[in-house]
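Subject: Handover of a structure and findings

Dear colleague,

Please find below the structure that I am handing over to you.

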Amino acid sequence: MAASKVKTFTNGFIAQNPIFAQVLGMCPTLATTTSAGNGLGMGLATTSVLVMSNVVVSLIRKFIPEKIRIPAYIVIIASFVTIVDLLMHGFTYELWKTLGLFIPLIVVNCIILGRAESFASKNSVGASFLDGLGMGLGFTGSLVLLGSVREFLGNGSIFGFHFSDVKMFAMILPPGAYIALGVLAGMFNFIGIKKAKAAKAKAAK
């Protein structure tokens, strides 16, 4: 049981990482990772909505008629996005202004709707909480990693702390986002293939 919970929680880190393995949520990923700070803010906002919507969908899954389950999920997700949007507007105004339209667009983020449909609607509240938290942290970590790479190569800094005078401004622009995303996705897939081969070899012994 404990191993199952750990697997549910860690699935989103590498094996089913929302960005680098499943290639989901590309709009906010490419648009908001001009810096590590922006990536962290967007990741935490998405994680909050993902965890809360997973829990609520799991709680009421037996009471939602099959035919209206998707509209019901969207209403639940939109409610939590509104709460997060208002909280960010009130307490982190500068970050809210920087992320702009992408906060309300969390409503249609396919990671959140996908986890509600594929996991939370079929599993217990505890497992859905762990799934949402793990996927959210995997998503946040990926945004921070991608934002750090782009900020370092583009501005010579990470989280605003200066490290280098080498500045490739193109990394802050959309082409830089695609290049950094492609390289990191290749690395994650290489690690995933190595781990799968190791597990297969261990099982064959």
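A crossing of two helices is called right-handed if the near helix is turned clockwise from the far one by less than a right angle, and left-handed if it is turned anticlockwise. Please also note that this is a predicted model.

Helices H7 and H8

On the H7 side, the contact is made by Leu 145, Leu 146, Val 149 and Arg 150. H8 contributes Pro 174, Gly 176, Ala 177, Ala 180, Leu 181, Leu 184 and Phe 188. Sorted by class, the residues of this contact are nine nonpolar, one polar and one charged.

Helices H6 and H7

H7, which spans residues 125-155, also packs against H6. Here the angle is about 150 degrees and the axes are 11 Å apart. The two helices are therefore roughly antiparallel to each other. The crossing of H6 and H7 is right-handed. From H6, the residues in contact are Ile 111, Arg 115, Phe 119 and Ala 120. From H7, they are Ala 127, Ser 128, Asp 131, Met 135 and Phe 139. The contact of H6 with H7 has six nonpolar, one polar and two charged residues.

Helices H3 and H6

Helix H3 (residues 36-59) and helix H6 (residues 110-120) have axes that come within 10 Å and cross at roughly 30 degrees. That angle makes H3 roughly parallel to H6. H3 passes H6 in a right-handed crossing. In H3, the residues that meet H6 are Thr 46, Val 49, Leu 50, Ser 53, Asn 54, Val 57 and Ser 58. Their partners in H6 are Ile 111, Ile 112, Arg 115, Ala 116 and Ala 120. By class, the contact of H3 with H6 has seven nonpolar, four polar and one charged residues.

The largest pocket

The largest pocket has a volume of about 190 Å³. Which helix gives the most to the lining of the largest pocket? Helix H8 (residues 174-204) does, with five residues. The lining includes Phe 188, Asn 189, Gly 192, Lys 195 and Ala 196. Thr 10, Phe 13, Ile 14, Ala 15 and Ala 21 also line the pocket. By class, the lining divides into six nonpolar, three polar and one charged.

With kind regards

Key: Residues are numbered from 1 along each chain as its sequence is written. This is a predicted model: local features need pLDDT of at least 70, side-chain atom pairs count only at pLDDT 80 or more; totals for chains, interfaces and linings use all residues. Side-chain values use heavy atoms; hydrogens and water are left out. On a 1 Å grid over the protein atoms alone, a cavity is a set of points where a 1.4 Å probe fits but cannot get out, and a pocket is an open set with protein on both sides within 12 Å along at least five of seven lines; lining residues have an atom within 4 Å of a point. Grid points are joined across faces, edges and corners, and a volume is the space filled by probe spheres set on the points. Helices (H or I, at least four residues) and strands (E, at least two) are DSSP runs, numbered from the N terminus. Ala, Val, Leu, Ile, Met, Phe, Trp, Tyr, Cys and Pro count as nonpolar, Asp, Glu, Lys and Arg as charged, and the others, Gly among them, as polar. Axes are lines fitted to C-alpha atoms, for helices over the stretch in contact, and angles run from 0 to 180 degrees between N-to-C directions. Angles under 35 degrees count as roughly parallel, over 145 as roughly antiparallel, 65 to 115 as roughly perpendicular and the rest as oblique. Contact means heavy atoms within 4.5 Å.
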